[in-house]
Amino acid sequence: MGTRSLTKIISTHDDKPITCMYRQYDGYLEGHGVELAEWLEKFTVVNGIGLDETRKIANGMECLAAQMFENFKDEAGGIYCYHPDASDCGEEYLYEISEKNGDIIMTVINTWEDEVVFKGSTKELLTKLKENA
């Protein structure tokens, strides 16, 4: 049986979810959490794209949301696009991705325990998991 998860990208405009990605399996922190953090760590969130931009960027959280599906979805099944307000989908983990001053913040909630297990930067999450390995 898979460890299900939901990943929500949160709008900087109104703090509401833009989209929700349902993952059927490997949703635990050391699986999807690590994959998500490693992918997100490469990004800077900007407001407008410069002509000479060389960084890995997302032009706002809506752009990041689209890139998330492009990155994680490569075949039928496994990953699904759910309504932004989706909940109670059998998920054990909820990942909320937000932005503050161009930095990406991850909040990870163990929904079965109703407990925030992590909140911080992608780098902080990866460091924490390496220390606990």
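Modeller: Helices and strands here are DSSP runs, numbered from the N terminus, and a strand needs at least two residues. The model is a predicted one. Under that convention, Glu 96 falls within strand 6, which covers residues 93-100.

Colleague: What makes Glu 96 partly exposed, rather than buried or exposed?

Modeller: Buried means under 20% relative accessible area and exposed means over 50%. Glu 96 has a relative accessibility of 26%, so it counts as partly exposed.

Colleague: Which residues are in contact with Glu 96, leaving aside its neighbours within four places in sequence?

Modeller: They are Lys 8, Ile 10, Ile 105, Met 106, Thr 107 and Ile 109. For one of these, Met 106, the C-alpha to C-alpha distance from Glu 96 is 5.8 Å, at 10 residues apart in sequence.

Colleague: Why is Thr 107 called buried?

Modeller: Thr 107, in strand 7, has a relative accessible area of 10%, and is therefore buried, the cut-off being under 20%. With neighbours within four places in sequence left aside, Thr 107 is in contact with Leu 94, Tyr 95, Glu 96, Val 116, Phe 118 and Lys 119.

Colleague: Why does Thr 19 count as buried?

Modeller: The relative accessibility of Thr 19 is 9%, and the limit is under 20%, so Thr 19 counts as buried. Thr 19 lies in strand 2, residues 17-23. Not counting residues up to four places away in sequence, Thr 19 touches several residues, among them Thr 7, Ile 9, Ala 65, Phe 69 and Tyr 82.

Colleague: Why is His 83 called exposed?

Modeller: Its relative accessible area is 54%, and exposed means over 50%; His 83 is therefore exposed. His 83 is found in the loop between strand 5 (79-82) and strand 6.

Colleague: What makes a set of residues a nonpolar core, and which residues have the most contacts inside the largest one?

Modeller: The residues must be buried, of nonpolar types such as Leu, Ile or Met, and joined through side-chain atoms within 4.5 Å. The largest such core has 28 residues, and those with the most contacts inside it are Leu 36, Trp 39, Leu 40, Leu 64, Ile 97 and Met 106. At least two residues of this core come from each of helix 1 (29-40), helix 2 (61-72), strand 6, strand 7 (103-110) and helix 3 (122-132). There is also a second, separate core of 6 residues, which includes Leu 6, Cys 20, Tyr 22 and Leu 94.

Colleague: What does Met 106 touch?

Modeller: Leaving aside neighbours within four places in sequence, the contacts of Met 106 include Leu 36, Leu 40, Ile 97, Phe 118 and Leu 125.

Colleague: Turning to the whole chain, how many helices and strands are there, and why is the chain called as compact as a globular protein of its length?

Modeller: The protein chain has 3 helices and 8 strands. Its radius of gyration is 14 Å, close to the 14 Å that the globule rule gives for 133 residues, so the chain is as compact as a globular protein of that length. Of those 133 residues, 44% count as buried.

How values were computed:
Residues numbered from 1 in each chain as written. Predicted model: local features only at pLDDT ≥ 70, side-chain atom pairs only at ≥ 80, totals over all residues. Heavy atoms only, no water. Helix = DSSP H or I, 4+ residues; strand = E, 2+ residues; numbered from the N terminus. Rg over C-alpha atoms; globule rule 2.2 N^0.38 Å. Buried < 20%, exposed > 50% of the residue type's maximum accessible area, 1.4 Å probe, protein only. Contact = heavy atoms within 4.5 Å.
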